[in-house]
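This briefing goes through selected features of one protein model, grouped by topic. Please keep the sequence and the coordinates at hand while reading.

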Amino acid sequence: MSSPASDNQQMSSTSHDPLDPCRRSDDFIVSTMTVSGLALEVCYYKTLVDSHLLEVAIHSLQERIPSSEEVNLHDVLLHIPIEETNLTNQDEEMVQSLLQGSLLIRQCGQTHECIVVPMPGKEGIRSDNDTENEFSVIGPKVGFVEAMPVNLHLIRTQLRTPNLIIKEMTLGSLSQSQVAILYMDGIADPENVSRMEDRLKGIDFDAVLDTSQLDQLIADNSLTPFPLFTTTERRDRVIYALITGQVAVISEGSPSFITGPSTLFDFFVSPEDYYLPWALGSFFRLIRIFGVIFSLFASALYVALMTFHYEVIPKELLGKLISSRQNVPFPPFVEAIFLETTIEFLREAGARLPNRIGQTLGIVGGIILGQAAVEAALTSNVLIIIVSLSALASFVTPIYKMSNAIRFLRFPIIILAAIWGAFGIAIGLCFLLVHLSRLKSLGSPYMAPFYPMRFRDLKDSLIRASYQQTDKRPSYLRPLSFIRYKPGRVHQTNQLDEE
């Protein structure tokens, strides 16, 4: 190419250009070249086309057409050695061809006729990019990799619309890392997009190595243990966030996106919920929420009951608890802290070791240490069951960062239970609820739709309602378009069939 233009070059044409909606995204490229005195524009999405085929097409135009000949667009078409290349004057076909990974070549100043060169990109996409931390039995298992162009390609191939906007910027004074912001034009609230851009541009950091660093740098509250942005390595979760009105961000070298504004209940939602019938999806979501509550308060409740409130325990169960602790020389608080710390040691060791060794260590080490602790009268077997179930329940959250926050919060609640019993647990719960109600994600309430209460959005929070009832986007995201689809047409068709 003789003179490549900027990513979003403006056309000096008074007529309507069907490619104008595409120019809003930074991954849409418009370059100019001259072939035998004919000025041409080359338009494509760099996240969709095959770079090798692109070089072949441009090289063919520059080498095969003699500079002495006068040519038109039809002559250029004959010198492109790529199958299924054709000429079109349909505006809709031009846009759809671009979104399917084609290259458009047209004469400068003529916007309603162009050459369509198919060249869908596949380079750099490995075959083993399955998700590692967010596995699901049902549904797609496509995950992201460390190369940002490949990740953007995965999103573009699923959302074939010019309304998907990608804005790129460079962050990190030393790393000069590429960062991309993604949102759906006409759906996402412009205020959320602007706020995300301003926060990213305001970062003065030396090296951005992963998207999780951006999560902390742009968070509304840096003192909370709760993640304020959803971190995911799944393509379907990012796409669902985009079509509901959220904003997504990814950095070069990171295999995960962050999306926001997020709420507390977003961290208990699994993409698998939407691939199952709504009743099953709601049931499994409630199981996750109950598991987190159990993980957070089970050990603390044991400490409170055995220290202050053993009179509320039924006599049949109290005898078992007393007999299990009769040789334990430590108070329940020390016993619980000892076991919780041991579980954390096993977790960290299993995470740092190779997969097979880590799994063996977690299983064998837990069994051996648990049995040895009971035989040495360092702890009761009842507490081992409780702590083991709590550790297991903390992993039911689909987002790993939320499980880390739950693991951390168990310790201060156990300390409060050891000091004031059930009253201490109540104090901890009140502090926790007040803290959550004050949190915000990208300026939106973290406890929505419960605080502030939005009854319409409850259909996809604690439970997942059927698709016939979730046709509107969440109101707390302030989307420009509330309607996602019209399920009433399906019911009308069924009624007509019955008649």
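In this predicted model, Phe-135, Val-137, Ile-138 and Tyr-275 form a nonpolar patch on the surface, and their accessible area together comes to about 410 Å².

**Surface patch**
- Ile-138, one of the patch residues, sits in the loop that lies between strand E5 (114-118) and helix H4 (148-158).
- Ile-138 counts as partly exposed because its relative accessibility is 35%, which falls between the limits of 20% for buried and 50% for exposed.

**A buried arginine**
- Arg-23 belongs to the segment before strand E1 (28-35), and with a relative accessibility of 7% it counts as buried.
- Although Arg-23 and Cys-43 are 20 residues apart along the chain, their C-alpha atoms are separated by 9.8 Å.

**The five-stranded sheet**
- Five strands make up an open sheet in the order E6-E7-E9-E10-E8, and their pairing is antiparallel.
- Strand E6 (164-171) and strand E8 (230-232) stand at the edges with a single partner strand each, so one side of each has no neighbour in the sheet.
- Neighbouring strands of this sheet are turned against each other by 25 degrees on average, direction ignored.
- Strand E7 (residues 177-184) pairs with strand E9 (residues 247-251) in the antiparallel sense over four bridges, and Ala-180 stands opposite Ile-250 in E9.

**Helices on the sheet**
- H4 lies across E6, E7, E9 and strand E10 (257-260), and runs at about 10 degrees to E7.
- Helix H7 (residues 235-244) packs on the sheet and touches E6, E7, E8, E9 and E10, while its direction makes about 55 degrees with that of E7.

Terms used:
Residues numbered from 1 in each chain as written. Predicted model: local features only at pLDDT ≥ 70, side-chain atom pairs only at ≥ 80, totals over all residues. Heavy atoms only, no water. Patch = residues over 30% accessible without salt bridge, like charges linked within 9 Å, V, L, I, M, F, W, Y side chains within 5 Å. Areas by Shrake-Rupley, 256 points an atom, 1.4 Å probe, with all protein chains shown as cover. Salt bridge = Lys/Arg side-chain N within 4 Å of Asp/Glu carboxyl O. Helix = DSSP H or I, 4+ residues; strand = E, 2+ residues; numbered from the N terminus. Buried < 20%, exposed > 50% of the residue type's maximum accessible area, 1.4 Å probe, protein only. Pairing = 2+ DSSP bridges. Axes fitted to C-alpha atoms, helices over the stretch in contact; angles between N-to-C directions. Contact = heavy atoms within 4.5 Å.
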